[in-house]
Each structure stands twice: as structure tokens, then as C-alpha cells.
Protein chains: 2
Amino acid sequence: MNVEFINPFINATINVLSTMGGVNPKPQKPHLKNGNRSYGEVTGIIGLAGKEAKGSFAVSFSRGCIEKIVSNMLGEDIQDLEQDIIDAVGEITNMISGGARAELENKGYSFEMAIPSIVSGKDHKIVHITDFPVIVVPFDTDDGPFFVEACLKCEK
Amino acid sequence: MNVEFINPFINATINVLSTMGGVNPKPQKPHLKNGNRSYGEVTGIIGLAGKEAKGSFAVSFSRGCIEKIVSNMLGEDIQDLEQDIIDAVGEITNMISGGARAELENKGYSFEMAIPSIVSGKDHKIVHITDFPVIVVPFDTDDGPFFVEACLKCEK
């Protein structure tokens with residue numbers, strides 16, 4: 001996976017989380033995922049599949065960060081925090097991958113998006129099964145970090 | 001999701017795990033997924049995406065069951081059990097969803113497969129974000145249960 005493919009995910013992440021999530025995400029230096037370690041406590045994951053490209057996108061939030069985002073999104077309306085976090089992470093996962101998809105389509109790589117799944121648990125580990133490198137981009141916010149992982153395997 | 005869509009996943013599961021995994025999986029009564037509970041300790045999950053259908057497939061193994069399958073697949077060759085389990089669950093997830101995909105294509109529903117991701121952790125929870133029901137099929141084996149979850153949203 002080269003830089004041409006990760007930048008659309010970084011751009012969409014900043015765009016979605018600053019406009020919708022009300023936080024100011026600062027991207028840190030990307031690195032290759034090494035080992036199975038999960039980064040956050042709650043992770044949204046979505047499959048990307050097409051004839052030319054297939055892969056996986058994940059966004060993993062620390063507890064403090066996602067609680068702040070949910071509070072920004074819902075204000076006083078939080079009814080059931082755990083359910084609201086799941087719904088918010090699902091929506092954020094869809095919107096980031098949708099934004100990246102639109103930018104990648106302009107570059108000639110088209111794929112469809114599967115439905116997002118949310119994984120939670122303090123010690124969960126996620127491994128993407130691919131012989132392509134998985135790129136991790138850490139982001140800082142005032143309320144804690146979150147992490148974007150993307151892997152895209154292009155056939156052409 | 002109607003029965004027409006779950007049967008290809010059940011058929012492919014029995015086929016792959018009896019021929020490749022060397023176990024004799026007995027399907028139990030399917031039910032709708034209710035709540036976030038994860039079923040096994042290690043789960044393979046893969047996104048399914050196309051213009052006509054999108055969804056998610058997961059297979060979640062109890063520890064005893066996946067250890068037996070890995071032992072059947074590798075014999076004396078186990079080098080690193082945790083890594084071998086991850087590799088085996090990735091391969092099984094690909095093969096089951098590939099088998100179901102072929103059967104569904106014959107019925108007129110085509111989709112591409114994303115890359116599988118493996119989630120592990122004793123208390124991990126997985127929620128598929130969809131307004132469609134998620135069907136869970138428990139399977140018994142002599143070495144412990146495993147669980148298939150599928151959700152497929154068809155546009156036509």
C-alpha cells in the first residue's frame with residue numbers, strides 16, 4: 001500500500017472528525033502495523049471490496065476520545081452511552097471510508113463498502129489477513145488518541 | 001436476511017470445516033443475534049460488498065474447537081500456536097465466504113469479498129452495524145462449539 005492510498009483516509013478522517021465529531025485531530029507519523037496489538041478500546045472496521053482493490057479500514061478510539069466525540073455529537077441527549085458509542089463509531093467508520101472511497105475513485109480505484117462492524121473490549125486484538133502492509137496513522141486529540149489503520153491491495 | 005441467504009453459508013461452513021478442518025460440525029437451530037455478545041474467543045470477520053448485496057460474515061471459535069482444527073490442519077508442524085490460529089481462522093473465513101459467494105452468485109446475488117480480519121480477546125464483543133437482522137448459527141463439534149454470523153442486505 002503506497003502513500004497515494006493512505007492520504008485519502010487521512011483527509012477523510014480529519015474532515016469527518018473535525019466537522020461531525022467536534023474534535024481537532026492532529027495526525028502523527030504513520031507506521032507499519034507490527035504485531036497484533038489493538039490500539040483503542042473500541043474499533044470500527046469495514047471491508048472494502050472491488051474488482052481492482054480490496055482491503056480493510058479500521059478506526060480505533062481511546063475511551064476518553066470517543067466519549068468526547070459522542071458528547072459533542074449528541075449534547076445532552078445521551079441515553080445509553082455504550083449503545084451511543086457503538087452507533088457513533090459505526091457512523092464515523094462509514095463516513096470516513098465513504099470519503100476516502102470518493103477520493104480514490106477520482107484516482108481510478110473503485111470499490112464498494114461492506115457494512116461496518118464494531119469491536120469492543122479492553123484487550124481486543126485485530127489482525128488484517130493480507131500479505132500487504134497495514135499502515136497505522138496515530139492521531140492526537142485534546143481528549144486522547146485514536147488510530148486509523150488501512151490496508152488496500154490493488155490488483156492493477 | 002432470509003433463509004435463502006443463510007443456507008449457502010451453512011453449506012460452505014460444513015464443507016470447509018469437515019474437509020479442511022477435520023471436524024464434524026453439527027448445525028444447531030439458527031437465531032437472530034440479540035445484543036453484542038461475542039460467542040467465541042477468536043473470530044474471523046470479512047466484509048461482503050457489491051452493487052446488489054452488502055454485508056458481513058463472521059465465524060467465531062471456542063478455544064478447544066480451533067485448537068483441534070489447527071492441530072488437524074498442521075499435524076506436528078505447529079510452530080507458534082497463536083500465529084497458527086490466526087492464519088487458520090483467516091483461511092477458513094476466506095474459504096467459507098468464498099464458497100457461500102459462489103452459491104449466491106448462482107442465485108443471482110453477486111458481491112466481492114474484502115480481506116478477512118481476525119479479532120481475539122476473551123471478552124471481545126462484535127456488533128454489525130445494519131438495520132437488517134444478523135443470523136447466528138451455532139455449530140457443535142466434539143471439541144467445543146463455534147458460531148457463524150451472517151448479515152446480507154440485498155438492494156434488489
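**The side chain of H128(A) makes a polar contact with the side chain of E149(A), at 2.5 Å.** A polar contact is a pair of N or O atoms within 3.5 Å; within protein, one must be able to donate a hydrogen and the other to accept it, and residues adjacent in sequence count only if both atoms are side-chain atoms. This is a predicted model, in which local features need pLDDT of at least 70 and side-chain atom pairs count only at pLDDT 80 or more, while totals for chains, interfaces and linings use all residues. Residues are numbered from 1 along each chain as its sequence is written, chains are lettered from A and ligands numbered from 1 in the order in which they are written, and side-chain values use heavy atoms, leaving out hydrogens and water. H128(A) belongs to strand β7 (residues 125-128) of chain A; helices (H or I, at least four residues) and strands (E, at least two) are DSSP runs, numbered from the N terminus. A second polar contact joins the side chain of H128(A) to the side chain of S117(B), at 3.0 Å. With a relative accessible area of 6%, H128(A) is buried (under 20%; exposed is over 50% and partly exposed in between, with a 1.4 Å probe and protein chains only). Leaving out residues up to four places away in sequence, H128(A) touches residues of chain A, among them I45(A), S56(A), A58(A) and V134(A). In chain B, H128(A) touches I115(B), P116(B) and S117(B). Contact here means heavy atoms within 4.5 Å.

**Strand β6 (residues 117-120) of chain A is covered on both faces.** S117(A) and V119(A) on one side are buried, as are I118(A) and S120(A) on the other. In a regular strand the side chains alternate between the two faces of the sheet. Strand β3 (residues 42-49) of chain A runs antiparallel to β6(A) and is joined to it by four bridges; two strands pair if DSSP finds at least two bridges between them. Within this pairing, V119(A) in β6(A) stands opposite T43(A). β6(A) also pairs with strand β7 (residues 125-128) of chain B, again in the antiparallel sense and over four bridges. Here I118(A) has V127(B) as its bridge partner.

**T93(A) is a buried residue of chain A.** T93(A) is placed in helix α3 (residues 81-106) of chain A. The relative accessible area of T93(A) is 0%, and therefore T93(A) counts as buried. A polar atom of the side chain of T93(A) lies 2.6 Å from the backbone oxygen of V89(A).

**F132(A) lies in a loop of chain A.** The loop that holds F132(A) runs between β7 and β8 (135-140) of chain A. F132(A) counts as partly exposed because its relative accessibility is 29%. From F132(A) to R63(A), the separation is 69 residues in sequence. In space, F132(A) and R63(A) are 29 Å apart, taken from C-alpha to C-alpha.
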